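Subject: A structure for you to look at

Hello,

Here is the structure I promised to pass on. Please open it first, and then read my notes below alongside it.

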Amino acid sequence: MNRDAKIYVAGHQGLVGSALVRQLRALDNGNILLRSRQELDLTDQNRVREFFAQERPEYVFLAAAKVGGILANSSSPAEFIHQNVLIQTNVIHEAYRTGVKRLLFLGSSCIYPRHAPQPIREESLLSGPLEPTNRAYAVAKIAGIEMCSAYNRQYGTRFLAVMPTNLYGTGDRYDLQDSHVIPALILKMHEAKLRGADYVTVWGTGTPRREFLCSEDVADACVFLINLPDPRMDRLLATEHSFPIVNIGSGEDLTIRELAELIADVVGFTGKLVFDDSKPDGTPRKLLDITRLTALGWKPFTPLREGLRMTYQDFLERQMVAPSVGSAVPSGAGLHRVGKSL
């Protein structure tokens, strides 16, 4: 991408989208197209068509999605599959219609089978049953991957799907109903520290293993991938019997108990952690194989403890602006670091 290329970041107010904007601006890309949900409803086919016809972006990062943790996914599966399928279908199809040079579709590691061999390789897709608690969301994301593959095969597009692991970082959502595990635990432990509580309850047994990656790292990886030279990009896409996907992760995992203990230390909560085994654990383990990505020349750069410290500092700054603890914290600029592709 040259500095004057039109780049559309769909979902720029979300965790990954905002990190992508920071990354692109740090690289002096000055022609970034941004539209809020109020300005452009991506579930509305006509409005998406009008936007692409008018703006004609050359590159697209499709980071817009309805996302949430176990509670949100299990209680609202219809909304998760309906909204995500609409967003993906509209953006990918209009990107094809208007001649977008490259599109990067952000999926999720939950696309892989519940009991996939660890670490999970890209070839594991569709090799077994999905995790029931987020199956609707996973199926929606798999549909987006298949769209990228189908348009590449039929129309010669360069649409690549990337599968990030569990993410956290600047601009995350802090809401006990909808948040993922890291922001939920940060919020719980921060509130408990302020109240002087003796304990914090954590969902599940604490035994599942999870991998986490800072949002700045995934943004750096996405920009690295969309800038690959044509021959290297085409090798990723030339997969007649598989999918044009690349895993993005840290290559390391830890138990939920270990994560909770680490967050307690970063937040400064000194009480007891109580694990509620009546709540679902989800997939027993989910560690991505990132060999395909590292072989291209990229690797993660933010250690988990450092990333959590930065994230908690960002949370504290946001609480000073919007001190309604327990409600969703809006995304925006905050403490961040732009990494280098190696």
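Which residue in β13 is the bridge partner of R209? The partner is R285. Before going further, a word on the source: this is a predicted model, in which local features need pLDDT of at least 70 and side-chain atom pairs count only at pLDDT 80 or more, while totals for chains, interfaces and linings use all residues. Residues are numbered from 1 along each chain as its sequence is written, and side-chain values use heavy atoms, with hydrogens and water left out.

The R209 bridge belongs to the pairing of strand β8 (residues 209-210) with β13, which run parallel and are joined by 2 bridges. Strands here are DSSP runs of E with at least two residues, helices are runs of H or I with at least four, and both are numbered from the N terminus. Two strands count as paired if DSSP finds at least two bridges between them. The open sheet in question has 3 strands in the order β11-β8-β13, with mixed pairing. Its edge strands, β11 (254-255) and β13 (285-286), each pair on one side only.

Next, have a look at β5 (residues 159-164). All 6 of its 6 residues are buried, so the strand is largely enclosed by the rest of the structure. Buried means under 20% relative accessible area, exposed means over 50%, and partly exposed is in between (1.4 Å probe, protein chains only). In a regular strand the side chains alternate between the two faces of the sheet. In β5, F159, A161 and M163 are buried on one side, and L160, V162 and P164 are buried on the other. Strand β4 (residues 102-106) runs parallel to β5 and is joined to it by 4 bridges; β10 (residues 245-248) also runs parallel to β5, again with 4 bridges. V162 is a handy landmark: L106 stands opposite V162, and V162 stands opposite V246 in β10. Together, β4, helix α5 (residues 135-155) and β5 make a right-handed β-α-β unit (with the strands pointing away from the viewer, the path from the first strand over the helix to the second runs clockwise).

Helix α2 (residues 45-55) is worth a look too. Its buried residues are V48, F51, F52 and E55. Seen down the axis of α2, they fall within an arc of 90°, so they line one face of the helix; the arc is that of the directions from the helix axis to the C-beta atoms. On the other side of α2, N46, E50 and Q54 are exposed. The buried residues pack against β1 (7-10), β2 (32-33), β3 (59-62) and α4 (77-97), where contact means heavy atoms within 4.5 Å.

Finally, the aromatic rings. A search of the whole structure finds 9 aromatic pairs. Rings of Phe, Tyr and Trp (its six-membered ring) pair if their centres lie within 6.5 Å; planes under 30 degrees apart count as stacked, over 60 as edge-to-face and the rest as tilted. One of the pairs is F51 with F52, edge-to-face at 5.5 Å centre to centre and 90° between the planes. Another is Y312 with F315, stacked at 6.0 Å centre to centre and 15° between the planes. Y312 and F315 are both buried.

Happy exploring!
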